[in-house]
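Hi there,

Here is the structure I promised to pass on to you.

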Amino acid sequence: MGPEVCALLLLGLLYWAGDCEAQMTWQSLGQQPHLSWAERVADDRQAVESFPLDLTALEGNMESFMEQIQSLAQALYPCASQQPSEDLHLHLLLNKSVTCNDGSPAGYYLKESKGSGRWLIFLEGGWYCFNRDTCELRHSATPHLMSSKDWPRTRIGTGILSSLPEENPHWWNANMVFIPYCSSDVWSGASPKTKKNDYAFMGTLIIQEVVRELLDRGLAGGKVLLLAGSSAGGTGVLLNVDRVAKQLEELGYPAIQVRGLVDSGWFLDNKQYRHTDCVDTLTCAPTEVIRRGIKYWNGLVPEPCRRQFKEGEEWNCFFGYKVYPTVSSPLFVVQWLFDQAQLIVDNAYLTGQPVQEDQRLYVQNLAGELRHTLQNVSASFAPACFSHEVIIRSQWTEVQVNGTSLPEALHCWDRSLHESHNASKAPVKGCPIHLVDSCPWPHCNPTCPTIRNQFTGQEVNVAQFLRRMGFDVPSVAQ
């Protein structure tokens, strides 16, 4: 393709833009159009370009150039594809020996994006069980987290799994993979169901088998694989991202760049606010549940981390700040400073009811401890909000830290990795990737999501919530 054809392509985009805008209608009179992130950044000349075109690709890689053209066109003018298929389709593993807890075959949901070299594999979260009693209770209460028997044939992709550029500005055109969590082992187990074992725990083997199958579905020609996960799935990323990179290298695909995105899986092994006996998953201290669980699951941890600790203390590798220094793959960590799951296992959960002074101080200190553990994490996004999980929520684009949204920070991170991969030592200007709120109380960030009682689902008034925690709300507002 010559320069003349390229010029025609770009002129066509401009014509397409005018035609596209003429077709747009808004739902209510006077409503301003909701600009996508790519459009807003394009309006700001001081901001980083959202979809830069690398014309040097013409010299040797026409496929890469055309992919950039397609991304630019479809992201800036989404009306050309207003109703893309959002369905991810279920595929049960061909290898039936890799199973869920109950022995049913594990599987994954896939939505292919032909022509894209980017793959996003998401690990679902959902707590865990750590002995026979807790697993039996889990099976009766949430069977879909232990069995594939009743999984639906399709799922809708949301958040970072969405195909809508407005909802997913940077990864919308990637190949999307959702792996349901049915191993109850924080994605660490490698033990099958036997006559002696009532349940299988094969989390890490499920990930490896999915990757193996995806190679035949197009991953073999991929360029980037982002292993992402929320909650227990986020911890699963920490435990498995290097293992996936090694697997691809050993299978003959070392050129695929493997990266990790950890959402709400950066837990602390801190002392509980109020100690309780370890009788269930909600009240058992994090250190104790992992100590028991890793034995019950036959759990695996990354070898470089395991070598840091004595035999029997491998449980330490389930905690982000301890395993992070031993991980070789690039990682981006997303963590609420007032994470609801952390507060639950610490028995310091806030419901909006009046709290004691020592409880308030405990919660504030927890945010300080999390902030401290993220100091040396080069790519991080940590809002001072009371919440849990974010990247597959439809509203994940709305929360900001220091004026930067999570999709913007992830784009900056991607660009920085692209530059370093091309041996460029110059930093990406105006592109922050270490974003941690400094304010000390819950919801001091005005872009925080609505507070809801995790047990009742009811919305909690923020002002009342802060007053009951003992804060002087007028002073806080000033």
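This is a predicted model: local features need pLDDT of at least 70, side-chain atom pairs count only at pLDDT 80 or more; totals for chains, interfaces and linings use all residues.

Which residues of α7 are the buried ones? They are Pro 286, Thr 287, Val 289, Ile 290, Gly 293, Ile 294 and Trp 297. Looking down the axis of α7, you will find these buried residues within an arc of 155°, so they line one face of the helix. There is a simple background to such a pattern: an α-helix has 3.6 residues a turn, so residues three or four places apart point the same way.

Just after α7 comes Asn 298, with a positive phi of about 55°.

Next, a pair of helices. Helix α5 (residues 203–215) packs with helix α6 (residues 232–250) at an angle of about 35°, and their axes are 11 Å apart. The crossing in which α5 passes α6 is right-handed. On the α5 side, the residues that take part are Thr 204, Ile 207, Gln 208, Val 211, Arg 212 and Leu 215. They meet Asn 240, Arg 243, Val 244, Gln 247 and Leu 248 in α6.

- Val 186 has a positive phi of about 55° although it is not a glycine. You will find Val 186 in the loop between β5 (175–179) and α5. Its relative accessibility is 4%, so Val 186 counts as buried, the cut-off being under 20%.
- His 443, also a residue other than glycine, has a positive phi near 65°. His 443 lies in the loop between β14 (434–436) and α13 (462–468). With a relative accessible area of 11%, His 443 is buried too.

Finally, the protein as a whole. Its secondary structure comes to 14 helices and 14 strands. Of the 478 residues in the protein, 54% are buried. Taking contacts between residues at least 6 apart in sequence, 75% join residues at least 24 apart. The protein exposes about 22,300 Å², and carbon and sulfur atoms supply 51% of that area.

Key:
Residues are numbered from 1 along each chain as its sequence is written. Side-chain values use heavy atoms; hydrogens and water are left out. Helices (H or I, at least four residues) and strands (E, at least two) are DSSP runs, numbered from the N terminus. Buried means under 20% relative accessible area, exposed over 50%, partly exposed in between (1.4 Å probe, protein chains only). Contact means heavy atoms within 4.5 Å. Accessible areas come from the Shrake-Rupley method with a 1.4 Å probe; for residues, only the protein chains shown count as cover. The arc is that of the directions from the helix axis to the C-beta atoms. Axes are lines fitted to C-alpha atoms, for helices over the stretch in contact, and angles run from 0 to 180 degrees between N-to-C directions. A crossing is left-handed if the near helix is turned anticlockwise from the far one by less than a right angle, and right-handed if clockwise.
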